[in-house]
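Subject: Structure handover

Hello,

Here is the structure we discussed, with notes on what was found in it. Please look through the sheet and the loop residue described below.

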Amino acid sequence: HALTALLPRLGVFAPSREETRVLLPGLDDDAALAALAAAGPRIVQKRGADRLAACEGPGAPILRLTAPEVSAVVD
């Protein structure tokens with residue numbers, strides 16, 4: 001609860017997919033991304049091999065960012 005209370009004060013928050021699942025259990029990745037963005041900051045959700053998803057803020061569309069294919073993904 002303390003972390004989500006800080007969200008309105010942040011410009012950008014970049015949690016991993018796993019961290020958003022801990023913060024917002026029961027929501028799928030896109031729903032959790034939108035819920036975090038509804039608090040005000042830009043959200044960049046790290047999705048491992050699925051790359052990134054981002055949302056600019058409340059009500060903004062979710063953007064899926066791709067990267068060139070690689071033989072191995074390293075975090």
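Two strands count as paired if DSSP finds at least two bridges between them. The model is a predicted one. On that basis, four strands make up an open sheet in the order 1-2-3-4, and the pairing is mixed. Strand 1 (12-13) and strand 4 are the edge strands, each pairing on one side only.

Strand 2 (residues 42-46) and strand 3 run antiparallel and are joined by four bridges. Ile43 has Cys55 in strand 3 as its bridge partner. Helix 3 (residues 29-37) packs on the sheet and touches strand 1, strand 2, strand 3 and strand 4. The direction of helix 3 makes about 150 degrees with that of strand 2.

Strand 3 (residues 52-55) is also joined to strand 4 (residues 62-65) by four bridges, and these two strands run antiparallel. Cys55 has Ile62 as its bridge partner in strand 4. The two strands form a hairpin with six residues between them. In the turn, Gly57 has a positive phi of about 155 degrees.

The loop between strand 2 and strand 3 holds Arg47. Is Arg47 buried or exposed? Its relative accessible area is 9%, and the cut-off for buried is under 20%, so Arg47 is buried. The side chains of Arg47 and Asp30 are joined by a polar contact of 2.7 Å. Leaving aside residues up to four places away in sequence, Arg47 touches Arg17, Asp29, Asp30, Leu33, Ala53 and Arg64.

Regards

Conventions:
Residues are numbered from 1 along each chain as its sequence is written. This is a predicted model: local features need pLDDT of at least 70, side-chain atom pairs count only at pLDDT 80 or more; totals for chains, interfaces and linings use all residues. Side-chain values use heavy atoms; hydrogens and water are left out. Contact means heavy atoms within 4.5 Å. Axes are lines fitted to C-alpha atoms, for helices over the stretch in contact, and angles run from 0 to 180 degrees between N-to-C directions. Buried means under 20% relative accessible area, exposed over 50%, partly exposed in between (1.4 Å probe, protein chains only). A polar contact is a pair of N or O atoms within 3.5 Å; within protein, one must be able to donate a hydrogen and the other to accept it, and residues adjacent in sequence count only if both atoms are side-chain atoms.
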